[in-house]
Amino acid sequence: MSLSNSILKSLNLKDINIKFYDNFISEVTIKDKRSLVYHAYLSYIPDYCPKCGTLMDNNIVKHGFKLSKIKLPSVSKLNTYLFLDKQRYKCRHCNKTFTCITNEVNYSCFISNNTK
């Protein structure tokens with residue numbers, strides 16, 4: 001079992017497209033409380049552009065990352081966050097950008113479904 005899979009299992013996350021960086025954990029102060037922060041990225045190749053519906057081709061290109069700060073359930077009585085870099089794509093057919101999505105968090109929400 002890889003390190004990313006072990007961390008996913010311990011945090012009760014199901015999305016296998018989430019991969020953790022080498023220095024994946026840090027302890028920081030957020031809102032005057034000691035917190036654990038996990039650092040990861042979400043990247044996969046989409047099947048189509050969700051804006052215009054065009055199937056994946058050479059005109060849908062990677063376009064950087066967008067950082068999402070996601071609240072997770074507490075670990076060892078410490079507030080826990082996932083700083084997730086989500087892959088962005090640009091569709092040259094419709095000139096719009098879109099971001100990879102995950103089932104761990106609802107669209108435009110920053111509290112994980114496990115925490116809710």
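A: Here is a walk through the core, then the cavity and the pocket. First, a word on the model: it is predicted, with local features needing pLDDT of at least 70 and side-chain atom pairs counting only at pLDDT 80 or more, while totals for chains, interfaces and linings use all residues. Residues are numbered from 1 along each chain as its sequence is written, and side-chain values use heavy atoms, with hydrogens and water left out.

Let's start with the core. A nonpolar core is a set of buried Ala, Val, Leu, Ile, Met, Phe, Trp, Tyr and Cys residues joined through side-chain atoms within 4.5 Å, where buried means under 20% relative accessible area (1.4 Å probe, protein chains only). The largest one here has 23 residues, and Leu11, Ile18, Phe20, Tyr38, Leu82 and Leu84 have the most contacts inside it. Two or more residues each come from α1 (3-10), β1 (18-30), β2 (33-42), β3 (60-75) and β4 (78-91). Those labels are DSSP runs numbered from the N terminus: helices are H or I with at least four residues, strands are E with at least two. Strand β4 gives the largest share, five residues.

Now zoom in on Leu84. Not counting residues up to four places away in sequence, Leu84 touches Ile18, Ala40, Tyr41, Leu42, Lys66, Leu67, Ser68 and Ile70; touching, or contact, means heavy atoms within 4.5 Å.

Leu84 turns up again in the lining of the largest cavity, along with Leu13, Ile18, Ile70, Leu72, Leu82, Thr102, Glu104, Val105 and Ser112. On a 1 Å grid over the protein atoms alone, a cavity is a set of points where a 1.4 Å probe fits but cannot get out, a pocket is an open set with protein on both sides within 12 Å along at least five of seven lines, and lining residues have an atom within 4 Å of a point. This cavity holds about 40 Å³ of space, a volume being the space filled by probe spheres set on points joined across faces, edges and corners. Its lining has seven nonpolar residues, two polar and one charged. Here Ala, Val, Leu, Ile, Met, Phe, Trp, Tyr, Cys and Pro count as nonpolar, Asp, Glu, Lys and Arg as charged, and the others, Gly among them, as polar.

Finally, the largest pocket has about 560 Å³ of space. Of its 24 lining residues, Phe98, Thr99, Cys100, Ile101 and Tyr107 lie nearest its centre. Strands β3, β4 and β5 (96-99) each give two or more residues to that lining.

Terms used: Buried < 20%, exposed > 50% of the residue type's maximum accessible area, 1.4 Å probe, protein only.
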